[in-house]
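Open your viewer and get ready to select a few residues at a time.

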Amino acid sequence: MTPESPNTRAHLLTEQVNVNSANLDRLSTLELVELFNREDVNTLDAIASAKQELAQAIDIIADSLRQGGRLFYIGAGTSGRLGVLDAAECPPTFCTEPELVQGILAGGIGALIKSSEGLEDIASDGAQAMVEHQIGQHDVVVGITAGGTTPYVHGAIESAKQRGAQTIFIACVPANQVASIADIDIRLPVGPEILSGSTRLKSGTVTKMALNILSTGTMVKLGKVYGNRMVDVAVTNTKLLDRALQIIQDLTQLDRDAASELLSASNKSVKVALLMHWNQIDRSTAEAILAQNHGQLRSAVDSL
């Protein structure tokens, strides 16, 4: 449902006045921090109330990506920026191709650092973004809008559904305030903001939490994780090299020098390195076994 008018937002949960912060400008600095801390507890409760929908979303996304699909986050303002952030963190964390998880922001890349809020009111722009990214039946589109009314997001969801994609809607208002036609409807009501209407606060926090769960849960399902280790980490800088070596050391009991030699022999692939060491096989054999198991280290190990 596309919102009827920009003048009908006063009833939205995200726009209401928080009685707990009515004297915000009179609080001491410590009292202000304590208030933020108390209010942020609501984000945990909101995530807990949406756990079933989050789990369903993870399964749908993982299944779509296994079939060659892609995951898109789309939004405006803070919501859109959070989607871009989560997408950008997937390649270094899980060694995914940049095209696998993408963030689409109203106003484009420039809107990351400069406000372009007026562009969120154009539903046809959201629909056009789906055309430009050639959204298809194996893709998943996640529309993010704290107040639930952003026309840009609703236009994208409607277009994505018409193109056969799976759709997910994330908002911080209850469904009886703003409806959605998405396949999965994730609601994260955290109550009125400490600074009235500033949804970059609790709404932004709970949105980031939800996206963390969606992307990480999906990558776990896709075999990007062994135990709780990011064994598909992209070794692209000193920090990530250290992390890769630490994973190898912890799981093989090798010393630092031996772990470094093993990582080099594996062409900087932690999964290949572990398989090589555990089964005393060469790199090409380990790579072939991983390929046969669709890149899943757990099933590759079990197969041997």
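A pocket here is an open set of points, on a 1 Å grid over the protein atoms alone, where a 1.4 Å probe fits, with protein on both sides within 12 Å along at least five of seven lines; lining residues have an atom within 4 Å of a point. This is a predicted model, in which local features need pLDDT of at least 70, side-chain atom pairs count only at pLDDT 80 or more, and totals for chains, interfaces and linings use all residues. Residues are numbered from 1 along each chain as its sequence is written, and side-chain values use heavy atoms, leaving out hydrogens and water.

**Stop one: a pocket.** Select Leu 65, Arg 66, Leu 100, Leu 222, Gly 223, Lys 224, Asp 232, Lys 271, His 294, Gly 295 and Gln 296, which line the second largest pocket.

**Stop two: helix H3.** Step just past H3 to Cys 95, where phi is positive at about 55°.

**Stop three: Ser 21.** Go to the segment before helix H1 (29-49) to find Ser 21. Is Ser 21 buried or exposed? Ser 21 is buried, at 6% relative accessible area. Show Leu 35, Glu 193 and Ile 194 too: Ser 21 touches them (heavy atoms within 4.5 Å), leaving aside residues up to four places away in sequence.

Methods
Helix = DSSP H or I, 4+ residues; strand = E, 2+ residues; numbered from the N terminus. Buried < 20%, exposed > 50% of the residue type's maximum accessible area, 1.4 Å probe, protein only.
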